[in-house]
Amino acid sequence: MQSGTPEFGYSKRGRRLIVMNGYSFYHKKDHNGKVRWQCSTHSSKGCKAVIHTIDDVIVFSKLNHSHAPTKNWIRGELF
Ligand SMILES: [Zn+2]
């Protein structure tokens, strides 16, 4: 799986998220400075793709999405 450039932004509800390759990841958990991001369709589609970051740098990613990209990322806002 090729990895693209991650974009950090905020959802309409003010929640932090990352968009990468048309997929969005929601901020899930902080642990000792490491942040875990979960694919935004995790709860609706059970997608298990995750990203871990430290200081907004990706240190781990598992991008095995079980669905097509959302592609609704426009000018820093998720619609
Ligand atoms: Zn996914």
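Which residue in S4 does Lys29 stand opposite? Lys29 stands opposite Arg36, and I will come back to the two strands concerned in a moment. First, a word of caution: this is a predicted model, in which local features need pLDDT of at least 70 and side-chain atom pairs count only at pLDDT 80 or more, while totals for chains, interfaces and linings use all residues. Residues are numbered from 1 along each chain, as its sequence is written.

Let me start with the overall layout. The protein chain contains one helix and eight strands, where helices (H or I, at least four residues) and strands (E, at least two) are DSSP runs numbered from the N terminus. Along the sequence these elements follow the pattern β-β-β-β-α-β-β-β-β. Of the 79 residues in the protein chain, 15% are buried; a residue is called buried if 20 or more other C-beta atoms lie within 10 Å of its own, exposed if 12 or fewer, and partly exposed in between, with C-beta atoms placed from the backbone.

Now to the pairing of strands, which requires that DSSP finds at least two bridges between them. S2 and S3 pair in the antiparallel sense over four bridges, and Val19 stands opposite Ser24 in S3. These two strands form a hairpin with two residues between them, and Asn21, in the turn, has a positive phi of about 55 degrees. Asn21 is partly exposed, because 14 other C-beta atoms lie within 10 Å. S3 and S4, in turn, pair in the antiparallel sense over six bridges and also form a hairpin with two residues between them, where Asn32 in the turn has a positive phi of about 50 degrees.

Further along, Asp55 has a phi near 50 degrees, again a positive value in a residue other than glycine, and its place is in the loop between strand S5 (50-54) and strand S6 (57-62). Asp55 counts as exposed, because it has 8 C-beta neighbours inside 10 Å.

Leaving aside neighbours within four places in sequence, Phe25 is in contact (C-beta atoms, placed from the backbone, within 7 Å) with several residues, among them Ile18, Trp37, Cys39 and Ile51.

Finally, Ser66 lies in the loop between S6 and strand S7 (73-74), and it is exposed, because 12 other C-beta atoms lie within 10 Å. Ser66 and Gly46 are 20 residues apart in sequence and 8.0 Å apart in space, C-alpha to C-alpha. With neighbours within four places in sequence left aside, the contacts of Ser66 are Lys45, Gly46 and Cys47.

Key:
Two residues are in contact if their C-beta atoms, placed from the backbone, lie within 7 Å.
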